[in-house]
Structures are given as structure tokens and as C-alpha cells.
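Biologist: I have a model open and would like to learn how to read its features. Could you walk me through them?

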Amino acid sequence: MDSLQGALSALTPLNLGMNFMGVLVGMIVGALPGLGSVVAITVCLPFTFGMDAGTAMALLLGVYCGSICGGSISAILINTPGTPQSACTSLDGFPMAKAGKSAKAIGWALSASIAGGIFSCLVLSIATPTLAAFALEFGALETFALILMGLTCISSISAGNQMKGLAAGVMGLLLACVGGSPFSSESRFTFGLFSLNSGIDLVPVIVGVFALSEVITRAESMLYEGRVEATSTSGVTLPSMKEWSGRYWLLLKSSIIGTIVGIMPGTGAATASFLSYGEAKRSSPRRENFGKGEPDSIIAAESANNAVTGGAMVPTLALGIPGDPVTAIMLATFAIHGISPGVRLMTENPGIVYGTFAALAVANLLMYPACVITTRLFNYFLRLPEPILMGFVVVLCILGSYGARGNMVDVVVTMVAGVLAYVLRRQGFPMPPIVIGLVLGQQFEMSIGQMLLFKGTESWLSFLLSSPIAMVLFLFSAGMIALPVLSDTVKRKKQTSS
Amino acid sequence: MIRRIFCLALMFVVTLCTAAHAAYPDHPITLIVPFGAGGGTDVPARLVANMLEKKLGQPIVVQNIVGGSGTQGVAQITGSKPDGYTLGYIPVGTVCLQPHTQKLPYGKDSFTFLGMVTRQPVVLMSSKVAPWKNLEGMIEAVRKNPNKYVVAITGTANMTHVPVVELAEKFGLQFRYIPYRSTPEIMKDMIAGRVQLHADAPAALSQFDVYGLVQYVDVPVANLNMPTTKEVGLDKPMVHWQGIMGPKNMPAEVTGTLAKAIEEVVASKEFAEEATKISSAAYWMGPEAFQKQFDQEFEYYGGVLKEMLSKK
């Protein structure tokens, strides 16, 4: 009874209104390059002090969903992803926009986001306790195996240009090594600079690699060709059922990837979108068109990154363990309102838990009107003369990279990453592997070290045999590396024999 | 024309003078928090900032400067102008422990002390699925199986590591210390039973499904139902405190205004209640006493760490 009442509380006018406000604010902040979910939530946090817990959660969940989806608007329209998790969306979204189909691209991104979000919400409300138990199965060894599988997707992403793709991936891994070692207090690759001790953050690199290098590319074409492809203003056109046919399986698969990644504490929406994009590029029947404006790639990235929201709520609500920085802020909000988060939350406060489920579902539906409004607002921005628009983007890039951690060195990192990425792009290096290497690198190092410490003096065989999950994941990774090579050899044999 | 310019210049000078003589504070104050938004340092800091700005009549902007286990943020505080407009909300580890193990741009003499805000003992927490029910049981089990049980730490030689090492030293215990990136990840592995022990502020006890084995104090703290280190014969009290500090050489009238306002907030019943809600404990200590305690602890941890690192 409590749970039903709780769920219905998400539908009171006040909570609905706050939820919508949250989605709108989140989407606008998310659409601004460099300002991500954490910034959006921190901005709204002080307002929640005066609200009751249900209303506060409705607002924060709205911001959470809105900010993840909002990043894709700028990714599609001006090729500068607003948030790390929408970096993949720009890969095919922008080519679509250039072909004059920006409204359709936003429609794909929006509908995939809503579908992914609702899917994870359903999973959340049905299977939270079971999934929380599953999340607990993931120790250092299993995490290591999972990340290893994630890294293999670099190989499928860089299909056609294996060497450059792998080189870019290694570059990302090396960037992840900068800063203090987690296992001793030694500093690595810091050139004696104290500010580099804390390592290279993801946000400045993403902003530099995707947004700033795009600005440089455009400045160049303005300079030498005297013109740029006009960025068309846009609306939102949802894809029809007919266009969806043949893509449902991809949508479901990407939503599952997003939900699972969300459940693992310490990962995030950026990881999910890259993994799902890599998987789609490996298996989609339309993979030849990736990078030229193929909706499959947008579907994969957007449904996965929004499915993370529901997944991340699983350990947050069931165990009191936040899955990412945003859910950590939500738990703090619970605490401020006198609700102690943790394992007892679901039994002691079913009302608030089911209210949260419902608010998350509602937030996903509210993304549609919020997206229409944000796109309209964004049109004003797009009507600015190109040089001024790009100037704004640069200012936002610098602001966003500084704002993430408040460290001046991050601004320098953004600049250097922007120029380097511009050069690398001209040389035909793909950019996603760099980001994947950096996103997964720090966790990869941590899990290798932890795994070795946990193994201790135990033999490798018994250590590995103790974890069936890890064995399955290792087999998958091996398969993902071996399959392309095998199929190539088989093809070649057939050709020579025939 | 010349007269007009002169008048303008005069007006400008007058404005400047009044600005210089206006009572502190006359514009917003930045409070740097060296850890991320929503964490155990950030939430109490925002609570204090919220109440403090009403007392001071100027907005207080909380800025999270994250990285290097809090040292990046603290370095930013000590490097700022000592005019009272950049302050820091600082936890013990970043200023009493880290300077002994790393080369940092700040040290013992880099601060102006304004007031302590919270204070709680370190608590050694145990997983509920570990094969013991209390401290004696734990000591016995670990002695029987050296190097079997796992202690999770968030960094080498910090406040999650040193207290356990001291206990292990006293009772001749051998643990495996495994570093983690964050408390939530540790708690996941404690609930799953991969990690058995973790030392931290008692806040985690009310948030996660773990229980306390021992508290590092001489006099037991109310509502912490476990033995003290003094009772078990380990004379090494260790407390987590958080306080407001500024860079060194702040003017006396500024520190006076700030200390008075902070005292009014921290010593209030309202703050105490809010602090309890977020599993923290309000504790007021004025600038002189705070400085004295800092000096003592700085030396104390210096000695402890020197001994600990020399044995490695």
C-alpha cells in the first residue's frame, strides 16, 4: 500500500512540476559543452533543502535524466558533445545534421533515450533486490574481466584502421597513468608539477578532443575556404514505426548494456555509451554506414547512456552504495532529509523508494517536451554568426573543464588535447579509442592491482576457477578478438580455393 | 573639462577609500572544499556555509576542488590571498598526515586557524559476514590466519590506513591492505565479504550494513556502542576533525569576525541537530585551542608515520 502511495506521489502537481523543471534545467545545462550532470545537480542542490524528500528526488532525478539526454543536442547540432556520455552521439548525429536531417537525428536520440530510460526503470522496479545481489558478485577479478572486454571494443570501433585505432587506445591508457599511483604515493609523468598529481580528468579531455578540435577545424575551413557548412536550425522529428523496424533488437541490447554498466559501482554513462557503440559497430547489419549518419549508432549510444540512470539506482537504493557521483549526491540528499540510505531503505521507506522509481519513469517521459523546448532555445544560439557561436563554444569549453574539478591544469589539458586531437584527426586517427582508453584505464589499473593483492599466494588456477563470471567474461573477450581475425582468414581461404 | 576629470577622479578615490574601510565582509566569500560534492566533507561544509552566510550577511560560495586525496584543494587555499575571502573546510588527514608522506606546496605553518566544526573518533568497521563478532574474536582469528584477512584503504598512510596499522602493531596482526578509489566501492566489497575491515569516521556505520569493532578514543562517545582503544590497551586516540582555516597571515580583525560567527553557528542547537542528521557531530573549538591541537597532532602523526614507514 505504502509503495503504491509512494509511486502516486510522483504524480502530484508539485512533484510533476519540479520533475519537469529538473528535466528542463538538466537538458539546458547538459546541452552546454563541458557542463555535465554533476554541475547541473550541484546547481539544483541548494533548492532541495527546503523541499520534502519526494519533491527533492523528483527534481534531482529530472536533472539527472535531462542532463544525460541534453548533451546529445549540441553533439548533433554543432558536433560538440555537451557531456562525456554524448561523445558517441556526435559521431553519426553530426553527419546526419550536415545532411539536413538534424531534426530526425534529434528524434532518434530522444526516442532512444526515452526507450533506454524506461527500460532500465522497468528493470529497476521489478528486479532491484536480485540485481543488487548480482552487483555484489563483482569483485576485483570480475571488474578486471569486464574492463578487458570493454577494451576489446576498441578493436571493433577502429575497424578498417586497426593500427591507428589501437595506437589511439594506447594513448588513452597512457593518459590514464598520469598522476599519483594508487598503490604507492609515487607520482608518474607529472614533470614535477604538483597540479598534475591528481591525474588527467575525463571532462577536459573529452571537451578538448571533441569540442575544441571541432572549433579549430571550423576556424580552418572559414580561413581557407571562406565558408563553413551552415548549421541548420532544427526541431524534433520522431522516427516512424517503419523506420524503427529492424532496430528493436539493437535498442534492447543497448538498453541492457546500459543498465548493467549502471549497476556496477564506479562506472558511468560514458563507459556505457562507448561499450554499446562498440558492440553496435561490431554487429549491426548497417555497420558499413557508421560515421556517415547511421541512426543505429545514435540508438546504441543514447539508449545505453540513459539506461544507466535506472541501473545506477539499483545499488543506490538497495545497498546504499552510489553507482556514480550523481547518485552519491542523491544519497546525501536522502540523509539531509533524515532518511538514512542503506540496506534498510527499501524495507523501512518503501514509499520513498517507489516514489523514486515512478519519478524516474516520469522524468523519462517529460524529456520529450523538454527536448522540444531546449531545441527551440538552441536555435537562437545557432542563428548567431558562426565566429561568435564558436567563440561561445570555446568559452564554455574552458569554463566546463575548469568547473569539473576547479583545477587550472585542466584548462591547459583541454587546450593541449584540442590541438593534439585536431592534428591526429587530420592524420586519420579515430578519437573514440583515446577516450575509451582514458575512461577505462584508471579503473583497469586499479582492478589489476587489487586482483593481484586479492590473489596473494593462491595459485592462478584455483583463483580463476573460483569465479565463473570472470571466466565467462574472459571467454567473451577472447572471442571478440579472435572472431574478426578468424572470419577474415576463412574469407581469404574461400577466395583462394574458389 | 579638467574640473570634470578632477571631480571624477576624486569620486573614484573616495569610493576606493570607502571600499577599503568597509567592514569585512563586503563581498561574497569562497569556501573551498577539497573533496567532491555530496561526500563526507562536502555535506557538512555546505551546512555550515548555509548558516554562516546568514550570520555574516554575505553569500558563501562552496567550491569543490578535487584531486590528490584533498591536497589539490588545500594547496589552493594556502596559495590564496589572506584577505578572508578564500577559506577552506579542511579535514585532518590532508593537513596532519599527507605533509609527512608527500612533497606538498604547504606544511605546518601555512594556515590561519578559525575554528573546528566537527569531531568524531576513527572507528574500525567490520563486515557482518566476517568470521567474528567482536574485537577479541577478530584478533584471535587474524592471529591464526596471518595475511588472510583484507583491510580496505583509500590511500597509503592516510586516516584509513594508519589506525589499522597501529592496532596490528600492538596485537601482532598481519593483514593484507588493498587500496580502493572510494568508500562506496569498499562498502560493496565489505557487504559481499571480500573485504573484512575498514577504518573511517562513524558516519558510514549508519549508512551501510557494517558494524563497529573499536573506537579510537579515551572516553567513549555517546551513541557509539563499542569498546574504546584505551580499554583494549592501545594508547593511540585518533579523531577525524573538520575545521575552517584560511591561508597564513590573515588580518586580526577578519579572523576575529569569522571566529565569532563560526562559533555562533557551530555551538548552536540547530547546527548540532542538523549535523546529527548527516551522521556527523558538531564540535566547537576556538582558534587558539584549534591551533594547539593541530600542532600536537601534526607532530604525533609525524612520529607515527615515520615509525610506520621505516619498518616497511
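Biologist: How many salt bridges are there over all chains?

Modeller: The general idea is that side chains of opposite charge can pair when their charged atoms come close. The rule here asks for a side-chain nitrogen of Lys or Arg within 4 Å of a carboxyl oxygen of Asp or Glu, and by it the count comes to 21 salt bridges over all chains. Bear in mind that this is a predicted model, where local features need pLDDT of at least 70, side-chain atom pairs count only at pLDDT 80 or more, and totals for chains, interfaces and linings use all residues. Side-chain values use heavy atoms, leaving out hydrogens and water, residues are numbered from 1 along each chain as its sequence is written, and chains are lettered from A and ligands numbered from 1 in the order in which they are written.

Biologist: Which side chain does A:Glu279 meet in a salt bridge?

Modeller: That of A:Lys253, at 3.1 Å from N to O. A:Glu279 belongs to helix α12 (residues 269-283) of chain A and A:Lys253 to helix α11 (residues 248-263) of chain A, so the pair ties together parts 26 residues apart in sequence. Helices here are DSSP runs (H or I, at least four residues), numbered from the N terminus.

Biologist: Is A:Glu279 buried or exposed?

Modeller: Buried means under 20% relative accessible area, exposed over 50%, and partly exposed in between (1.4 Å probe, protein chains only). A:Glu279 has 13% relative accessibility and counts as buried; A:Lys253, at 17%, also counts as buried.

Biologist: And where does A:Arg286 lie?

Modeller: A:Arg286 pairs with A:Asp296 in a salt bridge of 3.0 Å, N to O. A:Arg286 is in the loop between α12 and α13 (295-319) of chain A and A:Asp296 is in helix α13, so this pair ties together parts ten residues apart in sequence. A:Arg286 is partly exposed at 24%, while A:Asp296 is buried at 1%.

Biologist: What about salt bridges that share partners?

Modeller: They join A:Glu214, A:Arg218, A:Glu386 and A:Arg425 into one network.

Biologist: Now the helices: at what angle do α4(A) and α5(A) pack?

Modeller: Axes are lines fitted to C-alpha atoms over the stretch in contact, and angles run from 0 to 180 degrees between N-to-C directions. Helix α4 (residues 53-78) and helix α5 (residues 87-98) of chain A pack at about 50°, with axes 6 Å apart. They are therefore oblique to each other (under 35 degrees is roughly parallel, over 145 roughly antiparallel, 65 to 115 roughly perpendicular, the rest oblique).

Definitions and conventions
Helix = DSSP H or I, 4+ residues; strand = E, 2+ residues; numbered from the N terminus.
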